[in-house]
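Here's a friendly walk through the model shown below. Take a moment to look it over before reading on.

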Amino acid sequence: MTVSPNSDVQIDWRSAVRTGLIGAAVALFVCVVGIVPVFHQRALIKDIISLGQTVLVLTALGIGARGARAARATGARSLLPAMLAAGIAGGALTALILVGQVINLRGVFLNASPDLYDLLTFGLGASGAWIPLVSFAAIGTLGGPVASLPTAFRRPITTAVLTLLLAALFAGIFRSAMLTTPLAATARVLFAPVGLTVIGAIALVIAFAGGRELLAYTHVRQRVSALPRVQRRVVLWPIYGVLALAVLVMPQTLGPFVAQVVALVALYVLLGLGLNITLGLAGLLDLGFVAFFAVGAYTVGLLTSTAEYGIADWPFWAAVIPAVLLAMVFGAILGLPILGIRGDYLAIATLGFGEIIRVLAGSDLLKPFLGGPRGILNIPKPIDVPPDHILAGPNQIYYIALICAALIAFVAWRLRASRLGRAWLSIREDEDVAEALGVNLVQTKLLAYMLGAAFAGLGGAIFAGLIGSIFSSSIQLQVSINVVAIVVVGGMGSIPGAVLGAVFLIGVPELFREFSEYRFLFYGMALIAMMLYRPEGLIPTRFATRELHLDATQTGGEALLPPTEAG
Amino acid sequence: MNARVVERITDGAIAAVLWAIRIVVVLLVVGGSALTLLSGQYSASTWLSLIVSGVVLGSIYALIALGYTMVYGILRLINFAHGEIFMAGAFGGYFVGTELSALGFLNANPLTSVISVVLMMLGAMVVSVALALLVERIAYRPLRNAPKLVALISAIGASFFLQYTFRGFFGAGIYAYPDIGVLAGTVPLPFITIKWVDALIVVSALVMMAGLYAFVTRTKTGTAIRAVSEDASTAALMGIDVNRAIVTTFAVGAAMAGAAGVLYGMVFRQITFLSGFLPGVKAFTAAVLGGIGNIPGAMLGGIFLGQAESIGPTLFLSGLQVPSPAQLKDVVAFTMLVMILVLRPSGILGERVSGQRA
């Protein structure tokens, strides 16, 4: 233990070491689980740094910053603890490389391969084993002071990093979209086929970080919110207008691949908003959402398909209504027996339903009717247009899903303040009290469940129209988990939250197919992290924030366990 | 007044639908069984072998269910990640097993085979316990005072995180469990054919459950666990280290699940990163079936569910001319879960009304 001479607070070296050890686990994890090697295949800035290397750099910076904070050191004194913590993490990678030379770790961990070691040592292999140690220590040292910088300095750095990451991820899409326009020359300067060019990186960082600082220094936000209501509208409405326009033209301008992805995102926005009623308002955790999605999809398939198993040859729109109604009926039939049971039991029971429907859809029992794994083909598109029309292909699904999502959002928004909505909220808070106050538990819950089911059925119907066919393999537990994650990450009960959740959790992984392997890894992390640090979600409702934070302050000190007496 | 009437009519309709569902299920079960038995297309030995495989499956479910039931008893949390802890055990056992197989120890003679299986289980337990403690520390402990839904979602997150971590580590491929040739034969018994593997599985499951039962009822730590699950704050006042009791519970449950993972690998011969999910959910079903929080109940529930899954589809469905009824075993299992939750939420042995404690 060394004490710096001119300081009153002792540096807590042990905490720095502990942070280093945790950091070592994180660094080993991101390498061995394969995130670093897979991300290495994509460039952040062409020929300069790959995404995988960026992950490592950010890890090192983060460990350094946390190490310095754990050691309670600021300013220049933070350099050493930061270096120590990051050095320990880098040392773990060095150790990994050295051990990997002696023992064939690849027999157990697929990613602990020479490729990974080359990546970590810039191609030097064993002789470069010192590289991670030194580079982590060096980068981590920088992280120390960053943590104690004033906001005015930290904010532009964060903005710059985020800008680079997002721009690099979207570079290929922007580039191919711009190449067909007069902006082609600009696109070639800014974007490489994957990742950014050096000029692009510098330009974008200056534009975005600079722009944000400009906004911050001129206090635009405060000034706008200080304006009288009418004037504020004058300022904000054009901005909303531009945003809405961007949302509307997105699939038209960014090419067919992006159109497909945004159609899927819009579909999940719709599903998220549907579950938002069940989970967000009434607090019923439904892990079997896919069951109603399946009912909707198969109903549309059966009623409209012109191929085998089709029974009616109806047009798409005529089939949507029975699909939604049937999903609702299923919601009622499945919901009735289980809505008397509470909370977590309900989650498992609904999960069971999801699995039952999934197994039945693929079983030989229903194969003569639903086609089993071969599925129902030739479901007509909702709107029949020539292939070059602006409504062709996934675009029409995008618009349809958007309209339906807006409709659901409207319904949810109006319902929340209604008598029924308040009954839902009261059930979510405390069933016993709600019942004592005259809320009919089963009926109220059933309504929430059926509404959620109806919207899931609508989602399923639109999905059938998007894909043009429906197979038993489309009915997966993952669909339910996706929707739950959207609602939870966005903020339970929050409508903009569901939109944001769908964009991040569905859009981003769909756009970057090579990372899709790690999609549920990130979901898992996101769910845990949200619950630990921000249980109210990204865009919380005012209500949820107040409730969850009140809760923390009230029970923080006394209770050891969840208050079982309350149940 | 009018709203009142509507509400009562709705309540009546709900009750009618509920009864209709019950009647349909009972009719399906009774009618299906009668038709199957009357048709006589299955011989007694077929039924016997179905029962044996039900016992084998059931003892694996029972081992996993113990972890669910103990954690639920103490924290009122469905440890969603428990299925993944089980899968991790299966992988831990796999790597120990392939290593032993490569050394030639696994199949040298019956004694080394049994020792190998024990070693595999120990390896699996180490992996599972380490993982479970990590999950408890990171995903559950900070949320002990949080609303229940929050902790449950965190548990679901942990489950997916572990699944895809394992996918990242080991890939999406199928891992074939090492072949234990010595155990492939059958036990020399009259009337009934039981493979040595199956016998070994049932015996080791029974031994572990007996050990656990003794641990929980006879030792000081076990008493502490029971006290905490009865009433945590009072237990804390009596000087019991609540945190230690909780951590021990997680560790013990994970050890059982890890061992179950090895047994599962020996029966089904192949594991993937997704192997834990369905057995996990079904083991939870078994825990509910037996009465959640109740340790003998979990064992009983496991065996019961194993039987239902093994015999059920054939017994209930084949008489109704359902094609390939074995495909529908999950349907039978989950329908049973729902029926238990509706009809007797306290489970077979449970005294607590879980609907009210939950």
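How many helices and strands make up the secondary structure of chain B? There are 13 helices and 4 strands, where helices (H or I, at least four residues) and strands (E, at least two) are DSSP runs numbered from the N terminus. Keep in mind that this is a predicted model, in which local features need pLDDT of at least 70, side-chain atom pairs count only at pLDDT 80 or more, and totals for chains, interfaces and linings use all residues. Residues are numbered from 1 along each chain as its sequence is written, while chains are lettered from A and ligands numbered from 1 in the order in which they are written.

Staying with chain B, its C-alpha trace spans about 80 × 60 × 40 Å along its principal axes. Buried residues (20 or more other C-beta atoms within 10 Å of their own, C-beta atoms being placed from the backbone) make up 53% of its 358 residues.

Now over to chain A, which is divided into domain 1 (13-149), domain 2 (164-247) and domain 3 (255-556); such bounds come from an automatic or database domain assignment. The centres of domain 1 and domain 3 of chain A, taken over C-alpha atoms, are 40 Å apart.

So where do the chains meet? The contact (C-beta atoms, placed from the backbone, within 7 Å) takes 54 residues from chain A and 60 residues from chain B. On the side of chain A that touches chain B, helix 15 of chain A gives the most, with 12 residues.

Notes. Two residues are in contact if their C-beta atoms, placed from the backbone, lie within 7 Å. A residue is buried if 20 or more other C-beta atoms lie within 10 Å of its own, exposed if 12 or fewer, and partly exposed in between; C-beta atoms are placed from the backbone.
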